[in-house]
Amino acid sequence: MFKKILLGLAVIVAAVYVWNASWRVAPPEGTVELIAHRGVHQTFDRADLRNDTCTAERIDQPTHDYLENTIPSMQAAFAAGADIVELDVHPTTDGQFAVLHDWTVDCRTEGTGETRGHDMASLKLLDIGYGYTADDGATYPFRGKGVGLMPELKEVFAALPAQRFLVNFKSNEVREGDMLAELLAAHPQWRPAVWGAYGGDPPTYRAAELIDGLNVWSRKGLIDCLLQYEGLGWTGFVPDACRNTKVMLPINVAPFVWGWPNLFLERLRQAGSEVILLGPYSSGDPGTAGIDTPELLAQVPDNFTGYIWTNKIETIGPLADARFK
């Protein structure tokens with residue numbers, strides 16, 4: 001009886017394995033596109049990061065002069081091979097969108113207060129390179145070089161009208177979704193520039209209601225997708241949370257999803273979804289790690305189709321171009 005039970009279990013395990021084997025389907029057709037997080041920018045030590053950590057105070061030794069979320073950094077990212085650039089927005093007191101990552105201006109600039117507590121003209125007076133240091137404050141290599149470089153979202157679209165962007169809403173205010181929709185309604189020529197939006201769920205899904213074809217997803221939805229798929233995906237079932245969306249998948253989690261890579265990508269394709277491949281997940285890290293080194297890029301399957309998220313487009317862009325394009 002015991003041997004029969006073991007044999008039965010072995011048959012079940014073998015059946016589940018075969019049913020979820022990547023080789024069951026042909027490599028997916030499609031392309032690889034690169035999402036440059038914040039453009040070409042100064043990277044930083046991710047150890048012990050918190051949501052309120054001032055990352056400008058812990059940058060790596062600079063190898064270039066670009067500052068995140070500026071038009072020159074975005075131009076450099078596209079030149080390096082980015083297909084999409086991710087940028088961060090805040091509404092200003094005069095009804096514009098300022099492009100800056102931080103909730104306050106205290107970290108990167110000489111100013112103080114919430115970013116959304118200023119008008120665009122006053123934000124333009126700030127030096128966004130003021131707070132950057134790679135040696136605990138001994139030197140500030142970009143101080144004085146960032147005056148006037150904080151762009152308004154309209155300036156970005158006007159400067160790069162043929163490019164695509166992913167808009168990150170930094171709050172949960174519904175009005176930001178309305179503001180983006182109103183901006184595009186007033187300037188329909190810029191609609192192709194807005195590839196997608198994410199961040200706070202209320203503005204993200206409000207924007208999706210008002211802007212046809214906008215790619216959106218939520219953090220909760222991604223967690224629900226991966227947890228539910230891990231629980232039921234072995235049957236071939238794709239939960240609703242994984243349908244008609246973009247699934248952000250850490251590269252160190254990917255090998256553990258049922259059918260990775262070919263079958264998983266095919267199941268998502270049939271469900272109207274695609275994968276955005278991230279850097280390794282690390283508990284306690286509130287940020288978004290990217291595929292930022294040649295070693296991490298080498299872990300991406302040769303037959304991967306979808307999107308690769310990177311903080312080092314200047315490194316990954318040429319390597320990905322040679323390998324995938």
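**Reading the features**

Mentor: The lining of the largest cavity has 6 nonpolar, 2 polar and 2 charged residues (Ala, Val, Leu, Ile, Met, Phe, Trp, Tyr, Cys and Pro count as nonpolar, Asp, Glu, Lys and Arg as charged, the others as polar). This is a predicted model: local features need pLDDT of at least 70, side-chain atom pairs 80 or more, while totals for chains, interfaces and linings use all residues. Residues are numbered from 1 along each chain, and side-chain values use heavy atoms, without hydrogens and water.

Trainee: How many cavities are counted, and which residues line the largest cavity?

Mentor: Rolling a probe the size of a water molecule over the atoms shows where empty space is left. Here 1 cavity of 30 Å³ or more is counted (points on a 1 Å grid where a 1.4 Å probe fits but cannot get out; lining residues have an atom within 4 Å of a point). The largest cavity holds about 50 Å³, the space filled by probe spheres set on the points. Its lining comprises Glu68, Asn69, Thr70, Val99, Leu100, Arg108, Ile128, Tyr132, Met150 and Pro151.

Trainee: How many aromatic pairs are there?

Mentor: A pair of aromatic rings is described by the distance of the centres and the angle of the planes. There are 11 aromatic pairs (centres within 6.5 Å; stacked under 30 degrees, edge-to-face over 60, the rest tilted). Trp260 and Phe264 are tilted because their planes meet at 55°, with centres 6.3 Å apart. Trp260 also forms a tilted pair with Phe304, at 6.3 Å and 45°.

Trainee: Is Phe304 buried or exposed?

Mentor: Phe304 is buried, at 2% relative accessibility (buried is under 20%, exposed over 50%, partly exposed in between, with a 1.4 Å probe and protein chains only). Trp260 is buried as well, at 16%.

Methods: 1 Å grid on protein atoms, 1.4 Å probe; cavity = no way out; pocket = protein on both sides within 12 Å on 5 of 7 lines; lining within 4 Å. Phe/Tyr/Trp six-rings, centres within 6.5 Å; stacked < 30°, edge-to-face > 60°.
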